[in-house]
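Please look through the structure shown here with an eye to confidence, open space, surface and charge pairing.

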Amino acid sequence: MNSAQIEIQLIASLVAIACAIPGTFLVLRKMAMISDAISHSILPGIVIGFFITHNLNSPLLILFAAFTGIITVILVEYIQKTGLVKEDTAIGLVFPALFSIGVILIAKNANDVHLDVDAVLLGELAFAPFDRLLISGIDVGPKALWIIGIILLITISLLIAFFKELKISTFDAGLAASLGFSPAIIHYGLMSVASVTTVGAFDAVGAILVVALMIAPAATAYLLTTDLKKMLSLAIGFGVLSAISGYWFAHWLDASIAGSITTMLGLIFLLVYLFAPSKGVIAVLYREKQQRTEVSLLTFLLHLKNHNEEEERHVNHLREHINWQKVRAKTVLELALKNNMIVIDENIVSLTKKGNTFTSKAIDYIITNEDTQIEDMKDDFFLFRG
Amino acid sequence: MKQIAVKVDDLTVAYNYKPVLWDIDLEIPEGVLMAIVGPNGAGKSTLIKSILGILKPIAGSVSIYDKPYEKQRQLVAYVPQKGSVDWDFPTTALDVVMMGTYGSLGWIKRPKQKEKKAALEALEKVGMLAFKGRQISQLSGGQQQRIFLARALVQNASIYFMDEPFQGVDATTEIAIINILKELRKAGKTVIVVHHDLQTVPEYFDWVTFLNVKKIATGPVKDIFNDDNLTKTYGINYKVSIQE
């Protein structure tokens, strides 16, 4: 690896981390689309900022563009508050309008400079190492690395300082307000961080990839954990993994780095969506199958419990009586035997003591929904996991 | 005369310039267990949210023990409607109860061992200690409501506001919750509950406020919980037999 390759991967990874942090909270607040809106509507901010500063990396331009992001959020909320349209419609109204102002401004005024719509939308990570930051003539690294590094540092400091406030206002805005943590302040704080991150990252990775890096890692992490801190770490992990694997994928294909990173994000999400241990598609299907079997088992046990007569408990009769296919009857019978819930003596099925207690408890649970007593059962049976 | 815990003066609240609460005057004495009853859209939740500063009224004022709410936050605990939050949020029962301690911590400061201990005690009080590590979406409706109650208990407040704590809970949980509320009253706390089931008002509460955009009546259940006030509030001939 040469130093340019290392720098590109470093920039991509830092952008991924800086995006995953606000992204996690956007996903939890069901505001994923607002990041899309911000990423587009900062364009006029960037253009106007560029006319003023004549420097795409100026901190002033970043603040100016981020401010356009905040205006987007305010406009969306204002339109939504009129009650005439829903939030998604409001978003769809605001950002194309702002974005198109940016497009026209570029077309009219910026034909001769390095600022075009393609660059804003797609970025070009491969060129990032060429734009160096010189401090009194000494090369201290690519400018993009410094910009995103500083933004990331601020984001992490804010996250550590206000983690508790972010958590409570995201989970329960009403309680947060009653306790004196103004949800509005936290909301606009988060929107500001998302806007600054988007602006800081767009030059390197482009507006579309910024959205992908904010939403996809958080959405993937959401499928894997039930703990907010773990969700943040996983989102960061997935972001960095996609950044690095995406870079090498692009290297191998000789294609756009931004496009390859986004592809990796999509692939990782797909894998987790399919194979996640409890929320994944396959796990859900498996669980449903298990539940069907367990309900059958319970029906069977209950039948045994309710009937003392031997003819009711004869193996063949059971099949006719409960009206099951042979395969299903066999599965249930084997499951019950394996768990020592029944004994079969000369084709007469009887409940064991264990089976008897289990059935009473299970029925009790289903009727009363009081589950303190059967906590230990939950591990063996999906049915009782709420 | 008992001290007034909550005083509401000329409170008017509007959504998009349409008043949902109109000129409410209300005095809630200390130590009562009060139900707020009224039909859907009567402004019951709005009244609570306005007292707690979550909604901004267009007129009127609220005081908690003679001072504005902002100065008395520490004295007040709030249990929002269960449906107002996303139960798929990645967190555990214990963590939700810990949120009750955030108010006394203030900005930036983190909960420590002391807060965790208080949260565990509150969980025990509502019979949910065994579920402390459980992800909140894995709890039943009744258990989620108990967690919310524990979160309010951990605040160790003087006044408790609860928005429909019996919504969608089973009978056992309802009894468990009302017993805790009665204990709070016994300890001298003031408990204000938005309540739907008129049948249980005389059994559960000692004070009642009838609300339908305007305040219809407020006072001791034994004096004012009658067909006259019910009819005025609900608009139709309402008959509820009060068990002696």
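The paragraphs below take up these topics in turn.

This is a predicted model, in which local features need pLDDT of at least 70 and side-chain atom pairs count only at pLDDT 80 or more, whereas totals for chains, interfaces and linings use all residues. Residues are numbered from 1 along each chain as its sequence is written, chains are lettered from A and ligands numbered from 1 in the order in which they are written, and side-chain values use heavy atoms, with hydrogens and water left out.

The model scores ipTM 0.90 and pTM 0.87. In pLDDT (the predictor's confidence in each residue, from 0 to 100), chain A averages 86, with 91% of its residues at 70 or above, and chain B averages 91, with 96% of its residues scoring at least 70.

The largest pocket holds about 1,500 Å³ of space. Of its 42 lining residues, those closest to its centre are A:Lys81, A:Ala173, A:Pro183, A:Ala184 and B:Ile54. Helix 3 of chain A contributes the most to this lining, with five residues, while the elements that each supply at least two include helix 6 (143–171) of chain A and strand 1 (4–15) of chain B. By class, the lining of the largest pocket comprises 21 nonpolar, eleven polar and ten charged residues.

Helix 6 of chain A also gives the most to a nonpolar surface patch, with four residues. This patch, of about 620 Å², is formed by A:Ile135, A:Ile138, A:Val140, A:Trp146, A:Ile150, A:Ile154 and A:Leu158, and strand 2 (138–142) of chain A likewise gives two or more residues to the patch.

Side chains of opposite charge can pair when their charged atoms come close. With a salt bridge taken as a side-chain nitrogen of Lys or Arg within 4 Å of a carboxyl oxygen of Asp or Glu, the count over all chains is eleven. In one salt bridge, the side chains of A:Asp131 and A:Lys143 meet at 3.8 Å, N to O. This pair links distant parts of the chain, twelve residues apart, with A:Asp131 in the loop between helix 5 (117–122) and strand 1 (132–135) of chain A and A:Lys143 in helix 6 of chain A.

Definitions and conventions: 1 Å grid on protein atoms, 1.4 Å probe; cavity = no way out; pocket = protein on both sides within 12 Å on 5 of 7 lines; lining within 4 Å. Points joined across faces, edges and corners; volume = space filled by probe spheres on them. Nonpolar A, V, L, I, M, F, W, Y, C, P; charged D, E, K, R; others polar. Patch = residues over 30% accessible without salt bridge, like charges linked within 9 Å, V, L, I, M, F, W, Y side chains within 5 Å. Areas by Shrake-Rupley, 256 points an atom, 1.4 Å probe, with all protein chains shown as cover.
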